[in-house]
Amino acid sequence: MKKYKRYVLQIALWLGLVVTAHPVLAQDAVIGYVKTAQDDANLVVDGKAVKAQPGMPVQVGYVLKTGKPGSLGVTFRDNTMVSIGPDTEMVVDEYLFAPAKGELKLAATLVKGTLQYISGVIAKLKPEAVTVKTPVGIIGVRGTRYVAMVEEVQP
Amino acid sequence: MTRPVQNCALLLASLVLAGCANQSYVALLENDDGTTGKVQITTPYGSTLLNAPRQATRIDGPSGETYIATPEKLDKDFGVAMKAGPAKPVTYLLYFDLGGSTLTPESEAEVAKILDAIGTRSVPDVSVIGHTDTVGDDGANEALALERARFVTGLIAAGNKIDPAKIVVESHGKRNLLVPTPDNTEEVRNRRVEVTIR
C-alpha cells in the first residue's frame, strides 16, 4: 500500500505541475460538457456549426442548436442540466461559477424550441443570478425543474 | 354578463389556449426528490409565479393566468427534450486525518466506489474540491486543501476511468466549512474532499 501511495502522490504532483505550467489551459473556459446528442445536434461556435458529440466541452457564447429530429443535453460545472428537443436554438450568454469568490451567474437565451432546465448550485446559492431569456419574456428560477417552449418569432 | 357566464367564458378561453398546439409557455415540474420549486416569468405584460407541479403559463400572452398542463401534453411537447436530459450528478465526500493527506480508513474504502461511479458514465467529468478544518492560518489551509484535492485526483487518475483533463481541481481552504466551528477547531467532517461526478 505504501508503494502504491507514493505512486499516486507522484501522479498528483505531475497533475499539479501540468496545471501550474499551463495556467491558460482551455479548462478555465470550459463551463460544461455535452452529455447527450442525438441526430441533428450542433454546437455553434463563432458562427460555425460543429456536430455535437457527448464529451465535447461547452464555453460561454456557444449556441446549442438542433434540427428535426435532434436533441442535445449539457451538464454545467455547477450541476445545472439543460436539455433541448428538436428545432431548438439556445445561447449560453453568461456563466460564472466561483462560489468561493461569490461570483455566480447563469444567463441563457432560448431563441426557439423546447427546453428542460434542472437547476444546480448557482440557483441554490443565488437564485436571482439565473435567468433564461426568451423573445417574449424572462424566466427566473428557485431550485427547480421546468420546461419551456418558445415558438419562433417571425421577423 | 352574469358571473357564472363570465367564468365559463374565461374557462373556455383558457381551455382553447391550453389546447392550442402552437404557443410559447413554461411549465413547472416536480424535482425527482418529489419537491417543487418556483419559477417567475416576467413579460412586458407583467409577472407570473408558478409554484405547483405542472402549473403552466403562456409567455406570449397576458400575465397572471395559469393552468395545469396534462402529462400527455407535456410528454408530447417535451418528451424528446426530457429524454435528452443528462444523468444526475453525484457527490462523494472523503475525510482525512488531522493535518495531512491521509484518508480515514472508511474514506479509503470509498475510493473504489467513486471509480465505479465514474466508470458507469460514458463521458464523465469530475470536480475535486479540497477543504480543511479551522486549525491553522488561511495560507496553510489553502495549501493543505489543495494537497488533499490533488492527492484524491491522483487516486482517481490512477483508476484509469477518466481523461485527467476532465478533472477540475480546486481548494476552498477553510472558507467553506461543512460543520460551522470556531477558529482553531479540529473537526474531521470539515477535513474533506468533495468529489462530484457529472
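I began with Phe78(B), which counts as buried at 0% relative accessibility. Here buried means under 20% relative accessible area, exposed over 50%, and partly exposed in between, with a 1.4 Å probe and protein chains only. Tyr25(B) is buried as well, with a relative accessible area of 0%.

Notes on the model. This is a predicted model, in which local features need pLDDT of at least 70, side-chain atom pairs count only at pLDDT 80 or more, and totals for chains, interfaces and linings use all residues. Residues are numbered from 1 along each chain as its sequence is written, chains are lettered from A and ligands numbered from 1 in the order in which they are written, and side-chain values use heavy atoms, with hydrogens and water left out.

Confidence. I looked up pLDDT, the predictor's confidence in each residue from 0 to 100. Chain A has a mean of 86, and 80% of its residues reach 70 or more. In residues 16-28 of chain A the pLDDT is below 50, and this stretch has seven contacts in the model beyond near neighbours in sequence. Contact means heavy atoms within 4.5 Å.

Aromatic pairs. I took rings of Phe, Tyr and Trp (its six-membered ring) as paired if their centres lie within 6.5 Å, with planes under 30 degrees apart as stacked, over 60 as edge-to-face and the rest as tilted. Tyr117(A) is in strand E7 (residues 103-118) and Tyr146(A) in strand E10 (residues 145-150) of chain A, 29 residues apart. Helices (H or I, at least four residues) and strands (E, at least two) are DSSP runs numbered from the N terminus. Both Tyr117(A) and Tyr146(A) are buried.

I then returned to Tyr25(B) and Phe78(B): their ring centres are 5.7 Å apart and their planes at 70°, so the pair is edge-to-face. Tyr25(B) sits in strand E1 (residues 25-29) and Phe78(B) in helix H2 (residues 71-83) of chain B, 53 residues apart.

Cores. A nonpolar core is a set of buried Ala, Val, Leu, Ile, Met, Phe, Trp, Tyr and Cys residues joined through side-chain atoms within 4.5 Å. Which residues have the most contacts inside the largest core? They are Leu115(A), Tyr117(A), Tyr146(A), Val26(B) and Val39(B), in a core of 39 residues. E7(A) gives the largest share of this core, six residues. Beyond four places in sequence, Val39(B) is in contact with residues including Ile139(A), Val141(A), Tyr146(A), Val26(B) and Leu50(B). A second, separate core has 21 residues, among them Leu115(B) and Val193(B).

Salt bridges. I counted a side-chain nitrogen of Lys or Arg within 4 Å of a carboxyl oxygen of Asp or Glu. Lys112(A) and Asp87(A) meet at 3.1 Å, N to O. Lys112(A) lies in strand E7 and Asp87(A) in the loop between strand E5 (81-84) and strand E6 (89-98) of chain A, so the pair ties together parts 25 residues apart in sequence. Lys112(A) is buried at 14% relative accessible area, whereas Asp87(A) is partly exposed at 36%.

In chain B, Lys113(B) bridges to Glu110(B) at 2.9 Å between the closest N and O atoms. Both lie in helix H3 (residues 105-119), three residues apart, about one turn of the helix. Glu194(B) pairs with Arg192(B) at 3.6 Å, and Arg192(B) counts as buried at 1% relative accessibility. I also noted a salt-bridge network linking Lys35(A), Asp125(B) and Arg198(B).
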